[in-house]
Amino acid sequence: MLANLTSIDSLFYLAGLVAVIASLKVVTGHNTVHALLYLVVSLLAVAVCFYLMGAPFAAGLEVIVYAGAILVLFVFAVLMFGLGKDETTNAPKHTGLANMLGAMLLAFALLVEIIVIINNADMQQNLQATVISSKTVGIMLYGPYLLAVEIASFLLLSGLLASYHYAKPDVTGGPL
Amino acid sequence: MTTIPLFHVLILSSLLFAIGFVGVVARKNTLFILMSLEIMLNAVGVAFIGAGSVWQQADGQVMFILILTLAAAEVAVGLALLIRMQKKYHSLDIDLLNQMKG
């Protein structure tokens, strides 16, 4: 029974459930910052799913790039919107632990799951057998997918230029 | 070959995609629409990684990295447009954008 409970499958379903619940909370949320918090939890849950599917490199990228960089971009944008007045009128009256309890519980479930995976030697062995190493991914990226990588770099550069152009203040003028 | 069946991975992926799609269609706040777009891109990533792990090919992870770049560029441009919209209309309601200039 215990072996069944701690198999890779059931951990995957638990992480998927956390991802679905957190995503539902994002879509139905009213407070922007709370929705962002749940979005972080959703991305972390998907990262755990990636790890369980034998893609630790993708899981690390998900945490670093999605939850680390893109979500910080969201937070900075929310700061720039100057929603200060909106927050004071629409914020719930009771401030404290109750607001973040749901997200904390979901994140705690993910933490327990990761600890279980790392502690279980059998499961580690099973995962090691199915893993696709980052070396293979790197060889693929700079071999058959070289053109796609170049196009992605152009996409990032044009994204940078476009976001600078759209977000710069009007009064500064200038050619760009 | 992982123990997780591809069918269940695809169910999770389509659930997340459906949640994100409902968010894009139903929400009025443009910031929430962007967040739902992130959820949708993420769901596609789950499908790619699942397929890649079932067939033991690295292509799934390569496609996921490309999706990651796409998401980063999309969020940068989208948030810049939102900052512009907030400056002009002092609101993020997408219904304010229902008129063209010409």
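This is a predicted model: local features need pLDDT of at least 70, side-chain atom pairs count only at pLDDT 80 or more; totals for chains, interfaces and linings use all residues.
Just after α3(A) comes Gly54(A), which takes a positive phi of about 85°.

Let me turn now to chain B, which has 3 helices and 0 strands, so that, read from the N terminus on, its elements run α-α-α. Its C-alpha trace spans about 55 × 25 × 20 Å along the principal axes, and its radius of gyration is 17 Å, whereas a compact globule of 102 residues would have one near 13 Å. Of those 102 residues in chain B, 44% are buried, and among the contacts between residues at least 6 apart in sequence, 50% join residues that are at least 24 apart.

The next topic is how the two chains meet. The contact takes 49 residues from chain A and 47 residues from chain B. On the side of chain A that touches chain B, the elements giving two or more residues are α2 (8-28), α3 (32-52), α4 (56-81), α8 (134-141) and α9 (146-167), which brings back the helix I began with. The residues on that side of chain A divide into 39 nonpolar, 9 polar and 1 charged.

Within this contact, I would like you to look at one pair of helices, α9(A) and α3(B), the latter covering residues 59-89 of chain B. How do they lie relative to each other, parallel or perpendicular? Their axes come within 8 Å and cross at roughly 10°, and since angles under 35 degrees count as roughly parallel, the two helices are therefore roughly parallel to each other. From α9(A), the residues making the contact include Ala148(A), Ala152(A), Leu155(A), Leu156(A) and Gly159(A), while α3(B) contributes, among them, Leu66(B), Leu70(B), Ala73(B), Val77(B) and Arg84(B). Taken by class, the contact of α9(A) with α3(B) has 17 nonpolar, 3 polar and 1 charged residues.

Terms used. Residues are numbered from 1 along each chain as its sequence is written. Chains are lettered from A and ligands numbered from 1 in the order in which they are written. Two residues are in contact if their C-beta atoms, placed from the backbone, lie within 7 Å. Helices (H or I, at least four residues) and strands (E, at least two) are DSSP runs, numbered from the N terminus. Ala, Val, Leu, Ile, Met, Phe, Trp, Tyr, Cys and Pro count as nonpolar, Asp, Glu, Lys and Arg as charged, and the others, Gly among them, as polar. The radius of gyration is taken over C-alpha atoms; the globule rule is 2.2 Å times the number of residues to the power 0.38. A residue is buried if 20 or more other C-beta atoms lie within 10 Å of its own, exposed if 12 or fewer, and partly exposed in between; C-beta atoms are placed from the backbone. Axes are lines fitted to C-alpha atoms, for helices over the stretch in contact, and angles run from 0 to 180 degrees between N-to-C directions. Angles under 35 degrees count as roughly parallel, over 145 as roughly antiparallel, 65 to 115 as roughly perpendicular and the rest as oblique.
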